[in-house]
Amino acid sequence: NCCCWVKSPKEELLHIQSLEKTIKRDMGARTAFSKYLMSSGLQDGLFGICKAYALYDEEVGYAQGMNFIAMPLLFNVREEEAFCLFAKLMSKYGMRDMFTADMPGLHLQLYQFSRLLEDFEPALYCHLNRRGVTPNLYATQWFLTLFAYRFPLQLVQRIYDLIFSSNLSASILKFAIVLMQKNRDTLLGMRD
């Protein structure tokens, strides 16, 4: 008595075509270094990593933000190695939990960040909280893209160095707190 649903070849083809369309649409999103990606001819490699991972881990599939995680890897290693590093980030380093249903990894990171911000920068935490600016409004994008969405490539690559030399959670939380500390005065000066 099998409870598994097996896709027909036609259903599988439609699934793959839909997946490819979604990935290509998201590849149009811009980062500070996406022009360099295109000029380097790496967009096919980025597409290949995202598609391969979605087919490799069907429970997670493809989610918006994965292309930002894979992009910096392609600047340093061949496509095959970038895929292996991407898969390792997802499994061994815990990024997978940020993209599974209900995103438990993301919620944990946001909670931890919020507690750390409250502990290390209580005035800033209270200032933002009183204005309804919770970490999920700004840090979600940081954590889901490993800061690649808005930060310069050199900085993102340094974050990747920290992740691969220690661990993902500690690295992104430390960087997020330092980022808030460096911008504390500006943030505290904002009234609206």
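Colleague: Does Phe 147 count as buried or exposed?

Modeller: Phe 147 counts as buried, because its relative accessibility is 1%. Buried is under 20% relative accessible area, exposed is over 50% and partly exposed lies in between, using a 1.4 Å probe and protein chains only. Keep in mind that this is a predicted model, where local features need pLDDT of at least 70, side-chain atom pairs count only at pLDDT 80 or more, and totals for chains, interfaces and linings use all residues. Residues are numbered from 1 along each chain as its sequence is written, and side-chain values use heavy atoms, with hydrogens and water left out.

Colleague: Where is Phe 147 found?

Modeller: Phe 147 is in the loop between α9 and α10 (153–165). Helices here are DSSP runs of H or I with at least four residues, strands are runs of E with at least two, and numbering starts at the N terminus. The backbone of Phe 147 has a positive phi of about 70°, although the residue is not a glycine.

Colleague: And what about Asp 102, what is its phi?

Modeller: Asp 102 has a phi near 70°, again a positive value in a residue other than glycine. Asp 102 sits in the loop between α6 (96–99) and α7. With 69% relative accessibility, Asp 102 counts as exposed.

Colleague: Back to Phe 147. Which residues are in its ring cluster?

Modeller: Ring pairs link Phe 147 with Phe 113, Tyr 138, Trp 142, Phe 143, Phe 151 and Phe 175. Rings of Phe, Tyr and Trp (its six-membered ring) pair if their centres lie within 6.5 Å; planes under 30 degrees apart are stacked, over 60 edge-to-face, and the rest tilted.

Colleague: How many aromatic pairs does the whole structure have?

Modeller: The search finds 15 aromatic pairs. One of them joins Tyr 53 and Tyr 56, whose ring centres are 5.8 Å apart with planes at 55°, so that pair is tilted. Both tyrosines lie in helix α3 (residues 43–56), three residues apart, or about one turn of the helix. Tyr 53 counts as buried at 2% relative accessibility, whereas Tyr 56 counts as exposed at 58%.

Colleague: Nice. How do Phe 113 and Tyr 138 pair up?

Modeller: Phe 113 and Tyr 138 are edge-to-face, with 6.1 Å centre to centre and 80° between the planes. Phe 113 is in helix α7 (residues 104–120) and Tyr 138 in helix α9 (residues 135–145), so the pair ties together parts that are 25 residues apart in sequence. Phe 113 counts as buried at 0% relative accessibility, and Tyr 138 does too, at 17%.

Colleague: Which ring does Lys 24 lie over?

Modeller: Lys 24 lies over the face of Phe 47, 5.4 Å from the ring centre. The test is NZ of Lys or CZ of Arg within 6 Å of the ring centre and within 35 degrees of the ring normal.

Colleague: Changing topic: how many of the residues of α4 are buried?

Modeller: Nine of the nine residues of α4 (residues 66–74) are buried, so this helix is largely enclosed by the rest of the structure. Among them are Met 66, Phe 68, Pro 72 and Leu 74.

Colleague: At what angle do α4 and α5 cross?

Modeller: The axes of α4 and helix α5 (residues 79–91) cross at roughly 135° and come within 9 Å. Axes are lines fitted to C-alpha atoms, for helices over the stretch in contact, with angles from 0 to 180 degrees between N-to-C directions. The two helices are therefore oblique to each other; under 35 degrees would be roughly parallel, over 145 roughly antiparallel, 65 to 115 roughly perpendicular, and the rest is oblique.

Colleague: How do α7 and α11 pack?

Modeller: α7 and helix α11 (residues 168–182) pack at about 45°, with their axes 10 Å apart. That makes α7 oblique to α11.

Colleague: Last one: which element has the lowest mean pLDDT?

Modeller: Helix α2 (residues 34–39) has the lowest mean pLDDT, 70, while α7 has the highest, 98. pLDDT is the predictor's confidence in each residue, from 0 to 100. The protein chain averages 90, and 93% of the residues score at least 70. Where pLDDT is low, the predicted coordinates should not be read in detail.

Colleague: And how many helices and strands are there?

Modeller: The protein chain has 12 helices and zero strands. Buried residues make up 42% of its 192 residues.
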